[in-house]
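Notebook open. I am looking up charged pairs first, then a surface patch.

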Amino acid sequence: MKREEFRTVYDSGFEATFALVESLSHEIDALSAPLQQLEDRLAKNSRNSSKPPSSDQPVKPKPKSLRRTSGKKPGGQEGHPGRTLSLVENPHRLVIHGPEVCLGCGQSLLEAIASGYERREVVDAPALLALEVSEHRVLRKSCSGCGRSTPRLRFPPR
């Protein structure tokens with residue numbers, strides 16, 4: 001509609017102007033519905049509809065993260081002191097694990113004297129929220145027959 005045509009309608013009064021606006025509004029609504037359907041169809045892909053992935057446009061997906069790598073390995077870095085629970089002086093329970101036979105010759109080590117041990121502690125949190133500490137010791141024993149020292153066992157034993 002040209003400016004002169006609109007001026008003619010405007011000069012005709014309120015009713016003529018209102019009728020023009022109303023007809024244009026209906027025309028906009030009639031054109032908007034098919035346009036929205038076409039836009040919805042274009043927005044569908046295999047991720048948000050049942051379309052097969054082969055029907056997707058050949059564009060790369062956006063990267064999931066924009067963070068860049070620092071070049072450092074994961075975990076504690078060199079020179080970092082680290083933190084861990086320290087061993088307690090008096091655990092609530094002491095469990096001793098020892099080898100029963102020599103892995104070299106099969107002789108019994110039940111009567112052999114231990115030459116040392118390693119300490120590990122398991123801290124359990126019972127239902128009452130009082131910590132209970134159990135110390136596990138794995139004994140190293142030497143065979144009196146062949147002189148072989150038992151290697152370190154899996155810790156804690158199962």
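I counted salt bridges in this predicted model. The count comes to six.

Which residues are linked in a network of salt bridges? I find Arg 119, Glu 121, Glu 135 and Arg 137 in it.

I took the contacts of Arg 119 next. Glu 135 pairs with Arg 119, with the closest N and O atoms 3.0 Å apart. This pair links distant parts of the chain. Glu 135 sits in strand S3 (residues 132–141), Arg 119 in strand S2 (residues 114–124), and 16 residues separate them. Glu 121 also forms a salt bridge with Arg 119, and there the closest N and O atoms are 3.4 Å apart.

Buried or exposed: where does Glu 135 fall? Its relative accessibility is 2%, so I log Glu 135 as buried. Arg 119 has a relative accessible area of 33%, so I log Arg 119 as partly exposed.

I then checked Arg 120. Its salt bridge is with Glu 118, the closest N and O atoms being 3.6 Å apart. Arg 120 is partly exposed at 33% relative accessibility. Glu 118 is at 18%, and buried means under 20%, so Glu 118 counts as buried.

Last entry: the surface patch. Met 1, Phe 6 and Tyr 10 make up a nonpolar patch on the surface. Together they have about 360 Å² of accessible area. I placed Tyr 10 in helix H1 (residues 3–11). Tyr 10 has a relative accessible area of 48% and is partly exposed. Exposed needs over 50%, so Tyr 10 does not count as exposed.

Terms used:
Residues are numbered from 1 along each chain as its sequence is written. This is a predicted model: local features need pLDDT of at least 70, side-chain atom pairs count only at pLDDT 80 or more; totals for chains, interfaces and linings use all residues. Side-chain values use heavy atoms; hydrogens and water are left out. Patches are made of residues with over 30% relative accessible area and no salt bridge: like charges are joined within 9 Å, nonpolar side chains (Val, Leu, Ile, Met, Phe, Trp, Tyr) within 5 Å. Accessible areas come from the Shrake-Rupley method with a 1.4 Å probe; for residues, only the protein chains shown count as cover. A salt bridge is a side-chain nitrogen of Lys or Arg within 4 Å of a carboxyl oxygen of Asp or Glu. Helices (H or I, at least four residues) and strands (E, at least two) are DSSP runs, numbered from the N terminus. Buried means under 20% relative accessible area, exposed over 50%, partly exposed in between (1.4 Å probe, protein chains only).
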